[in-house]
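Here are my notes on the aromatic side chains. Have a look at the model first, then read on.

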Amino acid sequence: MLTFSSLQFYQKKKDFLLYKACDTSRHYILKCTDSSELAVQQALHDEYEALSALSHPCVPAYYGFLKNLVLPDRPGHFSALCMEDRLFSSSVPFSSLSLTEMIHILLQTAETLSFLLQKGILYTDLNLSNLLVHRKEEKVYLSLVDYTYCYYFLANPHPLYPLRFSYDLSLQLDGQQLLIQELSLLLQEMLDSQPALPVSSDVYRLLETGKNPPSGLLLSDFSVMIRQILI
């Protein structure tokens, strides 16, 4: 049974209210909704069932799916996912990263997407706002957040809720090249945060490959290409 010593509104994100909470041992983020729509409840259920079973350094831990939660500043009862608060540790802006650190973050992102695919999860909202970067002992570490409305294609191949990606992907995942394109766009976003940053020819080649990946290029192959830049 989860009980909190504090519970405070943090922000509204899309259709959900985010609250910060804590107890004597942890800090949490609560993703809350008062919607009783079956599609919304199914989305929260799918997210909790899939993510609570995982353990990965780049993925927040999930601790509970709460029903009939009472919030201190709003009337009614809410459903809420309770997860690890990765915001509690200060994140660093992309504009402060070196090129090498950007490539490290890109590699961690690619490997996390591969891990999720192996577990039957297609991450569908890849953008800089969902990447939290932390620096510890001169190294950078990634937290990938926001898994509501991802495609849990093994557990629920035909969800009631709308999927957030704009391309078709078969259950055989023949479209891994599309995820590679997403990673290339992500790298371009990082580089755009520092227009004056010198970029090596290896990074330019990676960008061009990611924009137009060969049909046989897998996400794992693209991860190897990223890793080779760091050698």
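1. Which residues do ring pairs link into a cluster? They are Phe4, Tyr28 and Tyr63. Before going on: this is a predicted model, where local features need pLDDT of at least 70, side-chain atom pairs count only at pLDDT 80 or more, and totals for chains, interfaces and linings use all residues. Residues are numbered from 1 along each chain as its sequence is written, and side-chain values use heavy atoms, with hydrogens and water left out.

2. The whole structure gives 8 aromatic pairs (rings of Phe, Tyr and the six-membered ring of Trp, centres within 6.5 Å; planes under 30 degrees apart are stacked, over 60 edge-to-face, the rest tilted). Among them, Phe4 and Tyr28 have ring centres 5.6 Å apart and planes at 70°, so they pair edge-to-face. Phe4 sits in the segment before strand S1 (6–13) and Tyr28 in strand S3 (residues 27–33), 24 residues apart (strands are DSSP E runs of at least two residues, helices H or I runs of at least four, numbered from the N terminus).

3. Tyr28 is buried at 2% relative accessibility, while Phe4 is partly exposed at 22% (buried is under 20% relative accessible area, exposed over 50%, partly exposed in between, with a 1.4 Å probe and protein chains only).

4. Phe16 and Tyr149 make a tilted pair, with centres 6.2 Å apart and planes at 50°. This pair joins strand S2 (residues 16–22) to the loop between strand S7 (139–144) and helix H3 (176–192), 133 residues apart. Both Phe16 and Tyr149 are buried.

5. Check the charges too: Arg74 lies over the face of Phe9, 4.9 Å from the ring centre (NZ of Lys or CZ of Arg within 6 Å of the centre and within 35 degrees of the ring normal). Lys67 lies over the face of Phe65, at 5.1 Å.
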